[in-house]
Amino acid sequence: MLRKSTRNQKKREIVGIVMVLAFGVLIGLPAAAGTIVGKVKYDGTPPPPRTAKVEQNTEVCGTEQQSEFLIVGPDQGLKWAVVQVADAGGATPRSEPPTMDQNGCRFVPRVVIARPGEELAVLNSDGILHNVHTVSEKNTPINKAQPGFVKSLPVTFAEPEMVRLKCDVHGWMRGWIMVTDDPAAVTDDSGSFTVTDVPAGTHEVTVWHEKLGRQTKEVTVADGGETVVDFRFSPK
Amino acid sequence: MSIFQKRSRKGSLAVLLVSIVAVLACSAETRRKTLKVFFDGVPDRTESTRVEESSDPIAVALVRSTPDEPDRLPTQFSLEAPPVRWASSDAPLEAIGSWEEALEIMPTDDAHGVDWVRAAADGLIAPKFVPPKGGESEPPYTLDTIALVTSGFPDRPLLDLDLQLVPEGKPFFAARFPHAAHTFLLNCSSCHPKAARMRTDMDRILAGEACGKCHGKVAFQPEMECARCHEKLRPAADTVVEEELSRARKASPSATPEVAARGQEVYQDYCSFCHGESGDGLGRFAPYLATKPRDFTTGKYKFRSTIGTAPPTDVDIFGTITRGVPGTSMPAWQALDYDDRWALVHYIKTFTDRFAEQVIAEPISIPEPPEFTEELLAFGKDLYVQAGCNACHGDNGDGNGPSAPTLRDDAGDPIRPFNFASGRPMKSAWSPAGTYRVVMSGLPGTPMPGFGEVLDSRMAWALAAHVESLRGTARAPFAVRGDILFERQEIPEQEVPRLVTTDLHTLTAEELAQDELFLLAGKDIPPTTFPHWFHRIRFKCSSCHESVFRMEAGANPITMTAMRRGEFCASCHNGEIAWEIGFPTCIRCHVAR
């Protein structure tokens with residue numbers, strides 16, 4: 001028979017193990033989360049795109065490039081707007097790291113979302129020299145060369161911020177990187193977006209567009225539910 | 001008896017009158033001194049000038065250089081150079097056919113202007129004595145005669161007299177003025193007495209007074225070439241600089257409160273007039289400088305030996321201060337004490353939080369260079385294209401690649417890629433090892449990216465070797481992208497007062513004399529070609545940009561109507577400064593090329 005002190009010790013050990021297991025189970029349970037869906041619309045006709053004449057690498061870039069800062073779909077859907085749920089951070093990690101490609105002398109996709117400290121892979125499908133040149137205040141600006149033989153170049157951002165991306169070799173190229181921990185999504189061709197893993201509760205939802213600015217709405221999300229939020233931008 | 005009684009009042013009145021007369025009759029100097037006893041704030045009218053003069057006196061020491069003096073300093077324009085030939089015949093000025101050809105052989109100064117002193121010392125130009133007709137030579141001067149008005153003596157010797165101008169309290173900034181370099185081109189009355197005022201300072205010179213009457217307009221720009229006058233700002237030999245840098249890399253004074261205090265003193269005395277009192281790059285000379293002084297408050301530094309997003313090391317900053325930045329207004333501060341320069345480094349770092357927040361990365365180690373064999377050069381040449389350097393720097397390295405015209409720096413200002421082919425030293429790289437470093441680290445704040453993460457050391461050395469082989473292969477473009485070809489625009493109908501004929505030969509003398517005939521709205525008039533180089537040899541960029549011409553394609557609606565109103569080209573081409581735009585001179589611009 002075990003001595004009394006050893007028996008107590010064993011009891012404590014078993015209790016400890018059970019507590020740890022229970023804690024682990026509780027941690028492992030999915031948090032209460034919902035989804036926000038909706039559409040972002042633009043109430044006007046976008047101006048005709050500006051054209052830049054291409055002087056170099058025409059076999060890859062073409063002879064002309066058009067500006068894409070305001071893309072409106074057939075149903076007035078605004079493309080390349082970012083919807084972000086404020087202070088709802090700690091979203092579940094993504095399965096794949098985000099990528100930004102340089103394809104046809106354009107940044108594809110134009111807007112990408114990355115986490116602070118997460119590696120963003122910048123790809124070079126064009127096979128010519130591009131440079132990854134960021135413009136930002138809180139993050140130190142990056143200017144790295146990506147010659148044609150470098151297919152992928154990692155960049156990392158430490159602080160949440162909206163970072164502008166440009167290429168000096170091809171002055172018309174424009175891209176945006178939203179560095180944030182919050183749940184966020186980018187609108188597609190029809191202006192629709194889906195933000196997943198939003199914790200249940202009331203949040204401020206902000207939509208950002210590079211030319212049209214920001215708008216904010218307050219939204220309540222139910223656990224496992226889908227909340228619909230629409231935004232509308234008007235021409236000034 | 002009271003002093004105010006009648007008798008003594010007359011007496012005191014008389015005394016008063018006499019003293020007023022006496023004071024008025026005195027010289028201005030005495031008057032001022034006397035009145036100062038009674039009044040404050042007496043205006044100083046001892047020298048009547050329209051220009052407000054500097055109150056800092058400059059001590060002038062004569063430095064007479066003769067061959068007998070053992071401590072003779074060479075004058076800038078040495079008498080040992082080939083003597084200037086005073087051509088008094090009508091022989092053509094150059095055997096060379098055109099100014100463009102002449103410019104191929106002219107020596108240039110740091111600001112890409114012609115170095116006339118060196119050109120004369122080398123015997124390339126022979127200033128021609130233009131005898132005054134009726135006492136004065138008349139403007140405007142044409143290409144046929146060099147615009148030198150000398151009412152002096154064609155055979156006079158040069159005045160080889162150097163002056164040492166020492167500002168009071170600032171012996172470091174003593175400047176040397178060589179009479180010889182001026183008297184080979186000008187006579188005494190060109191400068192004396194108006195322009196040659198001793199009571200002047202850099203603010204006034206940069207603003208166009210005293211020396212600035214010519215320097216910055218037709219002679220070298222004072223803000224680009226400090227060391228040409230201020231002898232202490234002349235860069236030291238590379239070996240001396242390298243020794244100091246290797247000493248600095250091993251051990252450097254660390255940042256203590258005493259060091260920071262000393263740094264602040266040195267900064268205020270030597271740096272603040274360009275970089276600003278608070279390190280924001282807005283010193284009082286800053287508006288005159290083409291390349292703006294660094295704004296230390298942003299924490300962005302161009303020259304460093306680290307890669308990626310890392311800030312520069314202390315030795316990087318020390319190196320920049322010591323060497324200066326050739327091609328800009330930042331001179332070499334070699335003459336300051338080693339410890340003072342280190343104090344500056346530590347003080348400058350305090351202007352921004354970046355050094356406190358970021359971890360200082362290790363500088364890249366530049367390995368021993370491989371031998372520059374044919375094979376390495378061929379590899380480098382191929383890599384130059386593969387890595388895309390030619391997109392901005394051009395195939396021959398002259399900075400005229402297809403992407404070059406649209407480049408902008410972080411401030412949004414247009415910026416040009418470096419022209420390797422010119423043979424000038426780069427701003428921070430003096431050798432292939434320096435090129436290696438710049439290629440790997442990039443230049444933060446400019447479009448030049450860092451290749452540090454994508455090239456290995458052999459590739460970087462190959463590129464450095466190739467860049468070295470390009471140096472001196474093409475002349476530095478004398479002006480910005482050469483000539484501007486103005487394509488013919490459609491003239492709106494209301495601008496044409498009278499459509500006469502496109503055949504000039506059928507016009508009578510009376511018709512030719514009329515002003516309206518300029519506007520011949522036919523397609524037969526050739527487009528206009530504007531030669532930048534021809535203007536650049538005389539004027540600096542700010543003479544026209546941006547007040548007369550905005551530097552943006554399509555922003556200047558230049559039409560003949562506007563020119564007849566005195567705008568654009570006619571600001572100078574009005575018969576007073578340069579030839580008038582008129583019927584006989586159409587062909588000077590409307591030239592089919």
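Let me begin in chain B, where B:Asp314, B:Ile317, B:Phe318, B:Ile321 and B:Thr322 of α11(B) meet B:Arg341, B:Trp342, B:Leu344, B:Val345 and B:Ile348 of α12(B). By kind, the residues of this contact are 7 nonpolar, 1 polar and 2 charged. Please keep in mind that this is a predicted model.

How are the two helices placed? Helix α11 of chain B covers residues 314-323 and helix α12 covers residues 338-349; they pack at an angle of about 120 degrees, and their axes are 9 Å apart. That angle makes α11(B) oblique to α12(B), since angles of 65 to 115 degrees would count as roughly perpendicular and those over 145 as roughly antiparallel. The crossing of α11(B) past α12(B) is right-handed.

Now to chain A and its sheets. Strands of a sheet pair through backbone hydrogen bonds, and they can do so parallel or antiparallel. One open sheet in chain A has 4 strands in the order β6-β5-β8-β11, with mixed pairing. Which strands stand at the edges of this sheet? They are β6 (106-108) and β11 (152-156) of chain A; each has a single partner strand, so one side of each has no neighbour in the sheet. On average, neighbouring strands here are turned by 25 degrees against each other, direction ignored.

Inside that sheet, β5 (residues 99-103) and β8 (residues 119-124) of chain A run parallel and are joined by 4 bridges. In this pairing A:Met100 is opposite A:Val122 of β8(A). On the other hand, β8(A) and β11(A) run antiparallel, with 5 bridges between them. There, A:Ala121 is opposite A:Pro154 of β11(A).

In a regular strand, side chains alternate between the two faces of the sheet. For β11(A), the covered face holds A:Leu153 and A:Val155, while the uncovered face holds A:Ser152, A:Pro154 and A:Thr156.

The other open sheet I want to show has 5 strands in the order β7-β13-β12-β9-β10 (chain A), and its pairing is mixed as well. At its edges stand β7 and β10 (143-146) of chain A; each has a single partner strand, so one side of each is left without a neighbour. For β7(A), 4 bridges join it to strand β13 (residues 174-179) of chain A, and the two run parallel. One bridge pairs A:Ile113 with A:Met178 of β13(A).

Next, the backbone. Most residues other than glycine have a negative phi, and most peptide bonds are trans. Where does A:Cys105 lie? It is in the loop between β5 and β6 of chain A, and its phi is positive, about 60 degrees, although A:Cys105 is not a glycine. A:Cys105 is buried, because 21 other C-beta atoms lie within 10 Å and the cut-off is 20 or more.

A:Asp197 also is not a glycine and has a positive phi, about 55 degrees. A:Asp197 sits in strand β15 (residues 192-199) of chain A. Is A:Asp197 buried or partly exposed? It has 15 C-beta neighbours inside 10 Å, so it counts as partly exposed.

There is also a cis peptide bond between A:Val108 and A:Pro109, with omega about -5 degrees. A:Pro109 belongs to the loop between β6 and β7 (111-114) of chain A.

Last, the chains themselves. 18 residues of chain B are in contact with 21 residues of chain A. On the chain B side, these are 10 nonpolar, 7 polar and 1 charged.

Definitions and conventions:
Residues numbered from 1 in each chain as written. Chains lettered and ligands numbered in written order. Predicted model: local features only at pLDDT ≥ 70, side-chain atom pairs only at ≥ 80, totals over all residues. Contact = placed C-beta atoms within 7 Å. Nonpolar A, V, L, I, M, F, W, Y, C, P; charged D, E, K, R; others polar. Pairing = 2+ DSSP bridges. Axes fitted to C-alpha atoms, helices over the stretch in contact; angles between N-to-C directions. Parallel < 35°, antiparallel > 145°, perpendicular 65-115°, else oblique. Left-handed = near helix turned anticlockwise from the far one by under 90°. Buried ≥ 20, exposed ≤ 12 C-beta atoms within 10 Å, placed from the backbone.
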